[in-house]
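Here's a quick briefing to read with the model open in your viewer. Have a look at the fold before going through the notes.

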Amino acid sequence: MTRVAIQGVSGAFSHAAAIKALGSDVEIMECRTSEALFDAVSGGIALYGVVPVENTLAGSVQRNMDLLFHPEIHIVAEARIRIRLCLVARAGHSVSQIKRVASHPVALQQCQGFFSRNPLVEAVTAFDTAGSVRDLMTGDSEYDAAIGSELAASLYGANVLEKNLEDHEQNFTRFLTIAREPVELPEEGVKTSIAFTVQHRPGALHEALLAIATHDVDLTRIESRPIPGRPWEYRLYADLRSHSTTGQSAAVEALEVATSEVRLLGQYLEEPEGI
């Protein structure tokens, strides 16, 4: 089996993303923090790691974006997961009996409709969605129900009382698979992720973006993040897409001239839109 590190416990949405990206024959290595996940991959303890980087409702997962700059890490795949949240409980419990519901704070925020319909139910924050389900079923909790994935409910033997608790249907999270080595890729259908910095002078960012556009490359995402230890300086993370890998590589080479620093974070097959 392929060992894959995730942040959280088995049954998390990262687990589902690992199955989608790498197949069902995966051995999940549970990591308490994202830092531990990246260390497991860079240290060779896990062959792959799967990390969430952005959600269509909550935005980017900023800590994971920063960790992608790790010099020994390469992005090798992506997967988009539809976030479907379920209300789960132990056998014999009904919705009317529930007084306290636990989950990750972001999951709780995405289920405000449920709490509005059930004003006497208290929301309890937990370390992660799957962990709240696990602790509920082991009896190591002080709450009556949890909000998590159907996968977590199946793994830990919980009963699903309600499905699709999330307030918005268009709730997707994009996950990236990381490894120590890059993968071989075809010429088409590839996305490139990079990080770069520009000098503080007029037109510097324009020159960088022009270098990308000149090679007929589509900039599908760009985000700035502060650089630790360098106050008021920022690193830009970007995803590039075009008809050919050659065009993307040429754009990266052009950026090396137009910017202060460029790092190729990875090249990988792009998941089709609408997935």
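Is Cys111 buried or exposed? Cys111 is buried, as its relative accessible area comes out at 0%. Bear in mind that this is a predicted model, so the notes below describe computed geometry.

**Cysteines**
- Search the whole structure for disulfides and you get zero.
- Take Cys86: the closest cysteine sulfur belongs to Cys111 and sits 9.5 Å away, which is too far for a bond, given that a disulfide needs the two sulfurs within 2.5 Å.
- Seen from the other end, Cys111 is in no disulfide either, and its nearest cysteine sulfur is that of Cys86.
- Cys86 is also buried, with 2% relative accessibility.

- Five strands make up an open sheet, in the order 8-7-9-6-10, and the pairing is mixed.
- Strand 8 (122-125) and strand 10 are the edge strands; each has a single partner strand, so one side of each has no neighbour in the sheet.
- Going from one strand to the next, the twist averages 35 degrees.
- Strand 7 (residues 100-103) and strand 8 run parallel and are joined by four bridges.
- If you want a specific pair to look at, Val101 has Ala123 in strand 8 as its bridge partner.
- Helix 6 (residues 129-138) packs on this sheet and touches strand 6 (86-89), strand 7 and strand 9 (145-148).
- The direction of helix 6 makes about 150 degrees with that of strand 9.

**Asn64, a buried polar residue**
- You'll find Asn64 in helix 3 (residues 62-67).
- Asn64 counts as buried because its relative accessibility is 3%, and the cut-off is under 20%.
- What does the side chain of Asn64 make a polar contact with? The partner is the side chain of Ser34, at 2.8 Å.
- Leaving out neighbours within four places in sequence, the contacts of Asn64 are Ser34, Phe38, Val51 and Pro52.

**Asp239, another buried polar residue**
- Asp239 belongs to strand 14 (residues 234-241).
- With a relative accessibility of 5%, Asp239 is classed as buried.
- Its side chain has a polar contact of 2.7 Å with the side chain of Ser193.
- Beyond residues up to four places away in sequence, Asp239 touches a list of residues that includes Arg174, Lys191, Thr192, Asp218, Arg221 and Tyr268.
- Also among the residues in contact with Asp239 are Ser193, Leu219 and Thr220.

- As background, most residues other than glycine have a negative phi.
- Look for Asn164 in the loop between strand 10 (159-162) and strand 11 (172-179).
- Asn164 is partly exposed, at 45% relative accessible area.
- Asp216 is another non-glycine residue with a positive phi, near 60 degrees.
- Where is Asp216 found? Its place is the loop between helix 8 (204-214) and strand 13 (218-226).

Definitions and conventions:
Residues are numbered from 1 along each chain as its sequence is written. This is a predicted model: local features need pLDDT of at least 70, side-chain atom pairs count only at pLDDT 80 or more; totals for chains, interfaces and linings use all residues. Side-chain values use heavy atoms; hydrogens and water are left out. Helices (H or I, at least four residues) and strands (E, at least two) are DSSP runs, numbered from the N terminus. Buried means under 20% relative accessible area, exposed over 50%, partly exposed in between (1.4 Å probe, protein chains only). A polar contact is a pair of N or O atoms within 3.5 Å; within protein, one must be able to donate a hydrogen and the other to accept it, and residues adjacent in sequence count only if both atoms are side-chain atoms. Contact means heavy atoms within 4.5 Å. Two strands pair if DSSP finds at least two bridges between them. Axes are lines fitted to C-alpha atoms, for helices over the stretch in contact, and angles run from 0 to 180 degrees between N-to-C directions.
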